[in-house]
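Please keep the sequence and the structure at hand while reading.

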Amino acid sequence: KQHYLQRSISYKDSILAINPENFFVKSDRLLIDGKIIPAMDVLNPICENLDISDPLMGPVAYAISDIYTRLEMKDKSKLYLTKSSISDLVNSNKEYISLIQLSVMLYQDGDFRRAFSYVNKAVDDVTFCRAKTRIDQVAPVVSIINEAYDRERKTYMVYMAVGLVLVFIMAVAMFWMVMYLRKEKIHLSYVNDELFHSRDLEKEANRRTMEASAIKNTYITKLMLECIARIERLE
């Protein structure tokens, strides 16, 4: 590995000697020397002047994303991977790496659905263009993401089943409550009728009591008057 790395550095130096404005090789050479920020300074102005439909946007944005990955700035890395992926798709470039890397990052974030969708799109494209290198890169990723997506889908199905059971139980409970309330309403109506009837009976009893009391008072009065009259006669 070290042998070929040295040869790669030698070739890059040769290219820069002939074409010092080659920003791809220049930034890559700076990264090999560990000069991450200078490498970023080389690529950023290029990227800012490129439109998303420009074929150069894909590789440039991917290179910037790789730098942000080295800096452990995951959100920025994901942003430039997204730009690179969009550019590759817009330009019908099917031998890309950005969408594969983006699906891996989404998998690491737990977004299995999007990761599954993106990696399957990548598989379709690399299969179409028969890019063996890309197929080798995407193959292990596919199995890992597919397994994670299957697990998430099974978990989702379990949650759905539990949710349906709970909804069914709640529906049965609500039906039972409605029937119970209806029964209680009928019973309450019956009790109210009985109460009204009892009130009527009470009123009638009060009326009769008042009548009896009036009659009693009349007879008592008459009796007292008769007693007084008889006492007077006796005297």
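Is the crossing of helix 4 and helix 5 left-handed or right-handed? In this predicted model, the crossing of these two helices is left-handed.

## Helix 4 against helix 5

The axes of helix 4 and helix 5 come within 8 Å and cross at roughly 165°. Because angles over 145 degrees count as roughly antiparallel, helix 4 and helix 5 are roughly antiparallel to each other. On the side of helix 4 the contact is made by Met57, Gly58, Ala61, Tyr62, Ile64, Ser65, Tyr68 and Thr69, and on the side of helix 5 by Lys76, Ser77, Tyr80, Leu81, Lys83, Ser84, Ser87 and Asp88. Divided by class, the residues of this contact are 7 nonpolar, 6 polar and 3 charged.

Ser77, which is found in helix 5, is buried, with a relative accessible area of 0%. Apart from neighbours within four places in sequence, Ser77 is in contact with Ser65, Tyr68, Thr69 and Met105.

The crossing in which helix 2 passes helix 3 is left-handed. Here Phe23, Lys26, Ser27, Leu30 and Leu31 in helix 2 meet Ile36, Pro38, Ala39, Val42, Leu43 and Ile46 in helix 3, and the residues of the contact divide into 9 nonpolar, 1 polar and 1 charged.

Between helix 3 and helix 4, the axes come within 10 Å and cross at roughly 150°, which makes helix 3 roughly antiparallel to helix 4. Helix 3 also passes helix 4 in a left-handed crossing. From helix 3, Ile36, Ala39, Met40, Leu43, Asn44, Ile46 and Cys47 meet Met57, Val60, Ala63, Ile64, Ile67, Tyr68 and Arg70 in helix 4. This contact of helix 3 with helix 4 has 12 nonpolar, 1 polar and 1 charged residues.

## Two nonpolar cores

Which members of the largest nonpolar core touch the most other members? Of its 17 residues, these are Leu43, Cys47, Val60, Ile64, Ile67 and Tyr80. Helix 2 (23-32), helix 3 (36-48) and helix 4 (57-70) each supply at least two residues of this core, and the largest share, 7 residues, comes from helix 4. Ile64 touches Met40, Leu43, Asn44, Cys47 and Tyr80, when residues up to four places away in sequence are not counted.

A second, separate core has 14 residues, including Tyr96, Leu102, Leu106 and Val119.

## Helix 6 and Ser103

In helix 6 (residues 98-108), the residues Ser98, Leu99, Ile100, Leu102, Ser103, Met105 and Leu106 are buried. Helix 6 is followed by Gly110, whose phi is positive, near 85°.

Is Ser103 buried or exposed? Ser103, whose place is in helix 6, counts as buried at 0% relative accessibility. Leaving aside neighbours within four places in sequence, Ser103 is in contact with Ala115, Tyr118, Val119, Val141 and Ile145. The C-alpha atoms of Ser103 and Val142 are separated by 9.4 Å, while the two residues are 39 residues apart along the chain.

Most residues other than glycine have a negative phi. Glu72, however, has a phi near 60°, a positive value in a residue other than glycine. The place of Glu72 is in the loop between helix 4 and helix 5 (74-90), and Glu72 is exposed there, with a relative accessible area of 73%.

Glu226 is found in helix 8 (residues 132-234), and at 35% relative accessibility Glu226 counts as partly exposed.

Methods:
Residues numbered from 1 in each chain as written. Predicted model: local features only at pLDDT ≥ 70, side-chain atom pairs only at ≥ 80, totals over all residues. Heavy atoms only, no water. Core = buried A, V, L, I, M, F, W, Y, C linked by side-chain atoms within 4.5 Å. Buried < 20%, exposed > 50% of the residue type's maximum accessible area, 1.4 Å probe, protein only. Helix = DSSP H or I, 4+ residues; strand = E, 2+ residues; numbered from the N terminus. Contact = heavy atoms within 4.5 Å. Left-handed = near helix turned anticlockwise from the far one by under 90°. Nonpolar A, V, L, I, M, F, W, Y, C, P; charged D, E, K, R; others polar. Axes fitted to C-alpha atoms, helices over the stretch in contact; angles between N-to-C directions. Parallel < 35°, antiparallel > 145°, perpendicular 65-115°, else oblique.
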